[in-house]
Amino acid sequence: MNTILVPVDFSETSANALSYAVQLFGPTSLKIWVLHVYDTRSKAALLMKSIDGVLEKNALNKMDELIQGMQTAYPEVTFKPQLLKGDAVSEIALMANSGEFDFIVMGTKGASGLKEVFMGSVAGGVVSRSTTPLIVVPTGYSFRALDEIVFAMGNDSFSDTTVAPLKSIVKKHQSKVKVLHIAEKKASNLDIPLNHIADLNPSIDYAFGTGNTNKDLNAYLMKDFAGLLCMIRTKKGFMARLLSDSVTLKQTFNSPVPILILNA
């Protein structure tokens, strides 16, 4: 059974990410923890008395409505609601990294309401702090068959353990994997990382970029009509990691397709 964490803010974007998680991993043998984090430190909260109780009651009502709708649509799935008070990034990352979850699935943006928890700082914070495989679903994206998954690969090494989550998705959906290497010229040192996914029989393609990695990635994805993009965050020195995260985070907010982010 897959156990998935889906943070929500009760916006259409987060509800869409929840539905995507069911369609990607379910509906059978699936347990989804639906997490909402409310924070009492907003300016509006300071103007109200007993704000904790107000926010908690509001969140409970919205959570009940969301779970009831999802349970009706997907009766085979086990949904576990969870409400927490605190900082959204910290609470989501803490729960995500508990070791209890196979994947996190979240939307990239939220809407007005109790709190816009999926704006850049929160989504970026979760991407940066999560050690659990994370799938980020673009606003308004509708699930489609994963006939092809694009694996954007650099020159960095990774292990069999790193790509195990990708392999589980490929196996479930019988997807074809295309390795994409964006570079000025064909790389000669991809053999070692490719060995870790040799059993997926990937094809290899090169995109000779403009210098803007995110722009080149998106152009390729739109042309190739892939159903999922896989990227790996590697452990590097501070400056190298900062540059690497910049590409990953920019892609998070601009990708036309969902992104699976793995940690090497």
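These questions and answers walk through a predicted model.

Local features need pLDDT of at least 70, side-chain atom pairs count only at pLDDT 80 or more, and totals for chains, interfaces and linings use all residues. Residues are numbered from 1 along each chain as its sequence is written, and side-chain values use heavy atoms, with hydrogens and water left out.

Student: How is helix α1 oriented relative to helix α6?
Tutor: Helices here are DSSP runs of H or I with at least four residues, strands are E runs of at least two, and both are numbered from the N terminus. Axes are lines fitted to C-alpha atoms, for helices over the stretch in contact, with angles from 0 to 180 degrees between N-to-C directions. The axes of α1 (residues 12–25) and α6 (residues 160–173) come within 10 Å and cross at roughly 70°. Angles of 65 to 115 degrees count as roughly perpendicular, under 35 as roughly parallel, over 145 as roughly antiparallel and the rest as oblique, so α1 and α6 are roughly perpendicular.

Student: Which residues of α6 make the contact with α1?
Tutor: Contact means heavy atoms within 4.5 Å. On the α1 side, Q23, L24 and F25 take part. Their partners on α6 are I169, K172 and H173.

Student: Which residue pairs with K167 in a salt bridge?
Tutor: A salt bridge is a side-chain nitrogen of Lys or Arg within 4 Å of a carboxyl oxygen of Asp or Glu. The structure holds one. K167 lies in α6, and its partner sits in the loop between α7 (191–195) and β8 (203–208), so the pair ties together parts 32 residues apart in sequence. At 3.0 Å, N to O, the partner is D199.

Student: Is W33 buried, exposed or partly exposed?
Tutor: W33 lies in strand β2 (residues 30–38). Its C-alpha atom is 5.8 Å from that of P81, 48 residues apart along the chain. The relative accessible area of W33 is 22%, so W33 is partly exposed.

Student: What is the phi of N201 near?
Tutor: N201 lies in the loop between α7 and β8. At 66% relative accessibility, N201 counts as exposed. Its phi is positive in a residue other than glycine, near 50°.

Methods
Buried < 20%, exposed > 50% of the residue type's maximum accessible area, 1.4 Å probe, protein only.
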